[in-house]
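Colleague: I'm new to this one. Can you walk me through it?
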Amino acid sequence: WLDEALRAHPDGAEAHNGRCEILWDEGKIDEALHEFERAITADPKFVTAHLNRAELLVEDLSEFEQAVTLCDELLSGVAELPRLDRATEAEVYYLKAKAVFYLDDLEGALFLVRRALKTAGEVSIYRAFEGQILFEISRFTDAKRVLDTAVAMDPEAAHAVYHLGLVLERIGTPDDAARAFAKANALDPERYPLPVAVDEAAFRQAAADAFDHLPRSIRAYVEDVPLLVEDFPSSDLLAEESLSPQILGIYIGIPRTQAAVTDQPQDLTRVILYKKNLEKVCRDEDELVEQIQITVRHEIGHHLG
């Protein structure tokens with residue numbers, strides 16, 4: 001139907017945008033982007049195509065800086081571009097917040113999503129994203145308050161429910177967290193698999209095996225590096241290093257290529273694996289064992305410089 005419409009009216013912005021949405025759903029990302037650009041060329045004031053293009057750049061192409069530029073252009077009020085109503089202006093702030101978030105400017109993303117909320121009023125997806133950002137900067141109490149609100153507004157929003165589970169886990173209510181993870185999984189099993197829970201002995205054995213399976217030439221340099229297992233990174237470490245609470249592991253020490261004899265006591269050098277975080281990124285025990293091996297190699301790489 002859209003192809004017929006475009007044969008009759010080749011510059012139909014709405015038809016190009018409709019084609020793009022179908023192509024996007026089919027995973028044909030480059031073709032979809034081309035159609036969005038054709039829609040905007042046909043009608044520079046067709047705001048839906050602008051929003052779709054910005055979202056595509058963020059979600060599927062990881063072109064975050066380009067997305068920020070597009071959002072700034074839309075917010076600039078240039079006469080050639082669409083005039084934004086308050087709801088659309090808020091959507092642009094939200095899209096820019098997501099791009100900035102992925103550029104690791106978490107405080108900037110928090111400012112922008114709050115600007116979206118101030119512009120549009122309470123929108124559940126904006127409130128949920130605010131909670132996600134607060135979680136990532138380790139403001140767990142604030143994150144719980146915000147995510148409670150988001151879930152109350154939309155109990156079927158898997159993203160909000162899952163991040164509430166992450167917060168509940170960190171503030172020490174594991175049973176409530178487990179229920180949240182189960183609900184998020186029921187709502188969106190592909191995106192939010194249930195954590196792969198294994199007992200501590202099995203996890204430590206898998207970690208030790210990962211260390212033992214390092215190449216012999218490397219093991220000689222790391223035999224004195226302790227491999228520790230903890231559930232989560234500590235609050236002090238998160239604050240000192242500005243880390244994500246979801247990190248899988250960390251190397252603490254000075255790499256061999258930089259270390260001098262007087263740099264620090266050897267017993268401060270260590271690799272830590274975070275059991276609960278690793279369990280949440282895997283779908284079964286085989287994948288968990290593989291991810292433990294990957295994480296160990298990654299952190300040992302830091303030690304080797």
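Modeller: This is a predicted model. Take helix α12, residues 200-212. From its first C-alpha to its last, α12 reaches 18 Å. That is close to the 18 Å expected for its 13 residues at 1.5 Å a residue.

Colleague: Which residues of α12 are buried?

Modeller: F203, A206, A207, A210 and F211. Seen down the axis of α12, they fall within an arc of 145°, so they line one face of the helix.

Colleague: Switching to rings. How many aromatic pairs are there?

Modeller: The count is nine. One of them is W24 with F36: the ring centres are 5.8 Å apart and the planes stand at 90°, so the pair is edge-to-face.

Colleague: Where do W24 and F36 lie?

Modeller: W24 is in helix α2 (residues 13-25) and F36 in helix α3 (residues 29-42), so the pair ties together parts 12 residues apart in sequence.

Colleague: Is W24 buried or exposed? And F36, buried or exposed?

Modeller: W24 counts as buried, at 17% relative accessibility. F36 is buried too, at 0%.

Colleague: What about F101 and Y102?

Modeller: They form an edge-to-face pair, 5.4 Å centre to centre with 75° between the planes. F101 is buried at 10% relative accessibility, while Y102 is partly exposed at 40%.

Terms used
Residues numbered from 1 in each chain as written. Predicted model: local features only at pLDDT ≥ 70, side-chain atom pairs only at ≥ 80, totals over all residues. Heavy atoms only, no water. Phe/Tyr/Trp six-rings, centres within 6.5 Å; stacked < 30°, edge-to-face > 60°. Helix = DSSP H or I, 4+ residues; strand = E, 2+ residues; numbered from the N terminus. Buried < 20%, exposed > 50% of the residue type's maximum accessible area, 1.4 Å probe, protein only. Expected span 1.5 Å × (residues − 1). Arc of directions from axis to C-beta.
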